[in-house]
Amino acid sequence: MTDTDNRPQWFAIKTRQDFRAEAELAPLCDDLLFPKEKVSAPGGKTRSRAVIPRVLFIKTTRDNALEMERKGRRHPELSVPFWIYRYPNDDSIQVIPQSSINLLRLLTADDTTRCEIFNKSDFSVNQRVRVTGGYFEGCEGYVQRVRKNKHVIVRIEGVCMVMLPFIHPDLLEPVAD
């Protein structure tokens, strides 16, 4: 066991009952991120909807995460079972970098807009880029076409992909693979 096993880290979890899992796991973790958005329901009412359905992010120690996963599957202490995302090549649980969590928090804030890159022919589809200024400085992603416009897509390996809000092309630089 290394020191990192005893240090709180971020993990992505998958559950069939995301809102219930949020309520049950929040007091057991150092932090919890469950990105939601407000949507209009019939009759003018608004409700919350998961941005990434059935996925939550918990900050806790590796040992605590594994123990909670075990209890949720086999014991009634946690009534909501969940599964921690694991690396594709082995069975170890996947640590989500703090920078990815910061990005998710920023992208799921209420005031975000879609990312669109206009008139910058220097960037081609699937080209790796880095943001050089603004809120997203340091984030790296890939240029993709979404609904006929170019966007910067950032991948959280094995969990999800997020599309950054508007970034001016002058704030992007190519990154060598």
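Is E67 buried, partly exposed or exposed? In this predicted model, E67 is partly exposed, with a relative accessible area of 29%; here buried means under 20%, exposed over 50% and partly exposed in between (1.4 Å probe, protein chains only). Residues are numbered from 1 along each chain as its sequence is written, and side-chain values use heavy atoms, without hydrogens and water. Because the model is predicted, local features need pLDDT of at least 70 and side-chain atom pairs count only at pLDDT 80 or more, whereas totals for chains, interfaces and linings use all residues.

**View 1. A salt bridge joins R70 and E67.** A salt bridge is a side-chain nitrogen of Lys or Arg within 4 Å of a carboxyl oxygen of Asp or Glu. The closest N and O atoms of R70 and E67 are 2.4 Å apart. Both residues lie in helix α3 (residues 62-74), 3 residues apart, so about one helical turn separates them. Helices (H or I, at least four residues) and strands (E, at least two) are DSSP runs, numbered from the N terminus.

View 2. K36 pairs with E22, with 2.8 Å between the closest N and O atoms.

**View 3. The largest nonpolar core contains 22 residues.** Such a core is a set of buried Ala, Val, Leu, Ile, Met, Phe, Trp, Tyr and Cys residues joined through side-chain atoms within 4.5 Å. F57, I96, L103 and V159 touch the most other members. Helix α4 gives the most to this core, with 4 residues.
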